[in-house]
Amino acid sequence: MRWAAVCVVVLALLAGCGASEEDERPSLAELAPSEVALYAEFVVRPTGDHGKAIRRFAGTLLGTGTGTAGRDDLAELAVEALELDVDFERDVAPWLGKRAAFFIADARGATPEVALILETRDSRRATRALRRAFPPEERPEQLPGGSFWHGPDDVVMGVVRGRVVAASSEAVI
């Protein structure tokens, strides 16, 4: 259910998160499979009135609040919705980049196979944050491209080529 909520929010946000000349960055698409049902990149911290409206909508949809006080970006709302055991300001904000990508790898089943790719400013801090999010006895699993941890609802998270990837299952990676 949580993945469905995050997917709905991301899809709604994509309609209004186009890039401007100053937002141009290398694509995160290189980490997505070559054949996906949907792929889109977006700005994690939208600004201005448009950003406020998006955060308010996302917070309402995810049930995490209106996105005003203390919620500066969409990633914080997603962390709350996924119920990860991390402190956003301590564990996520220091490494989180400006852009993210979302893709649906397969939408044919009862539960779509989806993933979120987050640009990082510091992949080492991102890896430490993931280690803190999981019990110490839980060892990361080696999968193609990197080390991954299994989170709630079979979510798989890891750092691949300097970017954080959260996927609905191992099959997506």
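The model is a predicted one, so local features were taken only at pLDDT of at least 70 and side-chain atom pairs only at pLDDT 80 or more, while totals for chains, interfaces and linings use all residues. Residues are numbered from 1 along each chain as its sequence is written, and side-chain values rest on heavy atoms, with hydrogens and water left out.

Five helices and seven strands make up the secondary structure of the chain; helices (H or I, at least four residues) and strands (E, at least two) are DSSP runs, numbered from the N terminus. Reading from the N terminus, the order is α-β-α-α-α-β-β-α-β-β-β-β. Of the 173 residues, 48% come out as buried, with buried meaning under 20% relative accessible area, exposed over 50% and partly exposed in between (1.4 Å probe, protein chains only). Take the contacts (heavy atoms within 4.5 Å) between residues at least 6 apart in sequence: 57% of them join residues at least 24 apart.

On to the sheet. Seven strands build an open sheet, lined up as β1-β2-β3-β7-β6-β5-β4 with antiparallel pairing; two strands pair if DSSP finds at least two bridges between them. The edges are held by β1 (38–43) and β4 (141–143), each with a single partner strand, so one side of each has no neighbour in the sheet. On average, neighbouring strands are turned by 25° against each other, direction ignored; axes here are lines fitted to C-alpha atoms, for helices over the stretch in contact, and angles run from 0 to 180 degrees between N-to-C directions. Within the sheet, β5 and β6 run antiparallel and are joined by three bridges, and H150 has V156 in β6 as its bridge partner.

Helix α5 lies across β3, β5, β6 and β7, running at about 160° to β6. Its buried residues are A126, T127, A129, L130 and A133, within a helix spanning residues 123–133. These residues sit on the same side of α5 because they cover an arc of only 160° around the axis, the arc being that of the directions from the helix axis to the C-beta atoms. R124 and R131, on the other side, are exposed. The buried set packs against α4 (88–92) as well as β3 (113–120), β5 (146–150), β6 (156–160) and β7 (163–167).
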